[in-house]
Amino acid sequence: MSAVCQVTGRKPGYGKQVSHSHRRTSRRWEPNLQAKRYFVPSEGRWVRLRVSVKGMKTIDKRGIEAVVAGLRAKGVKL
């Protein structure tokens, strides 16, 4: 499974790690993803999402109902 937040769409960032000798090697910065279950009262069931911590804050602010509606509008199967 790819490292992408289902709510915010955050993906890994790519770049170079620079050592003390200034030698450069490729690396990637992973988003802080968590597997989390949310209860959707209108459906009466739990929904499992793979979200970043920023996505969790978005759910706290907008509410799980609005976020799930937005995901369904995008065509994401939950």
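The legends below describe close-up views of a predicted model.

**View 1. The buried side of helix α2.** Helix α2 spans residues 64-74, and within this helix Ile 64, Val 67, Val 68 and Leu 71 are buried. These four residues lie on the same side of α2, because the arc that they cover around the axis is only 95°. The cover over the buried residues of α2 includes strand β3 (33-40) and strand β4 (45-52), together with helix α1 (53-62). After α2 comes Gly 75, a residue with a positive phi near 95°.

View 2. When residues up to four places away in sequence are left out of the count, the contacts of Ser 52 are with Cys 5, Thr 8, Arg 10, Asn 32 and Leu 33.

**View 3. The aromatic pair of Phe 39 and Trp 46.** The count of aromatic pairs in the model comes to one. This pair is formed by Phe 39 and Trp 46, whose ring centres are 5.4 Å apart and whose planes make an angle of 65°, so that the arrangement is classed as edge-to-face, a class that requires planes over 60 degrees apart. Phe 39 is partly exposed, at a relative accessible area of 39%, and Trp 46 is likewise partly exposed, at 46%.

**View 4. Charged side chains over aromatic rings.** Trp 46, the tryptophan of the aromatic pair with Phe 39, also has Arg 37 over its face, at 4.2 Å from the ring centre.

**View 5. The salt bridge between Arg 28 and Glu 30.** Three salt bridges are counted in the model, and one of them joins the side chains of Arg 28 and Glu 30, with an N to O distance of 2.6 Å. Arg 28 is partly exposed, with 38% relative accessible area, and Glu 30 also counts as partly exposed, at 46% relative accessibility.

View 6. The side chain of Glu 43 meets that of Arg 45 in a salt bridge of 2.8 Å, N to O. Glu 43 counts as partly exposed because its relative accessibility is 34%, and Arg 45 is partly exposed as well, with a relative accessible area of 31%. A further salt bridge, of 2.6 Å from N to O, is formed between the side chains of Glu 43 and Arg 72. This pair links distant parts of the chain, since Glu 43 lies in the loop between β3 and β4 whereas Arg 72 lies in helix α2, 29 residues apart. Arg 72 is partly exposed, at 36% relative accessibility. Through shared partners, the salt bridges join Glu 43, Arg 45 and Arg 72 into one network.

Technical notes: Residues are numbered from 1 along each chain as its sequence is written. This is a predicted model: local features need pLDDT of at least 70, side-chain atom pairs count only at pLDDT 80 or more; totals for chains, interfaces and linings use all residues. Side-chain values use heavy atoms; hydrogens and water are left out. Buried means under 20% relative accessible area, exposed over 50%, partly exposed in between (1.4 Å probe, protein chains only). Helices (H or I, at least four residues) and strands (E, at least two) are DSSP runs, numbered from the N terminus. The arc is that of the directions from the helix axis to the C-beta atoms. Contact means heavy atoms within 4.5 Å. Rings of Phe, Tyr and Trp (its six-membered ring) pair if their centres lie within 6.5 Å; planes under 30 degrees apart count as stacked, over 60 as edge-to-face and the rest as tilted. A charge sits over a ring if NZ of Lys or CZ of Arg is within 6 Å of the ring centre and within 35 degrees of the ring normal. A salt bridge is a side-chain nitrogen of Lys or Arg within 4 Å of a carboxyl oxygen of Asp or Glu.
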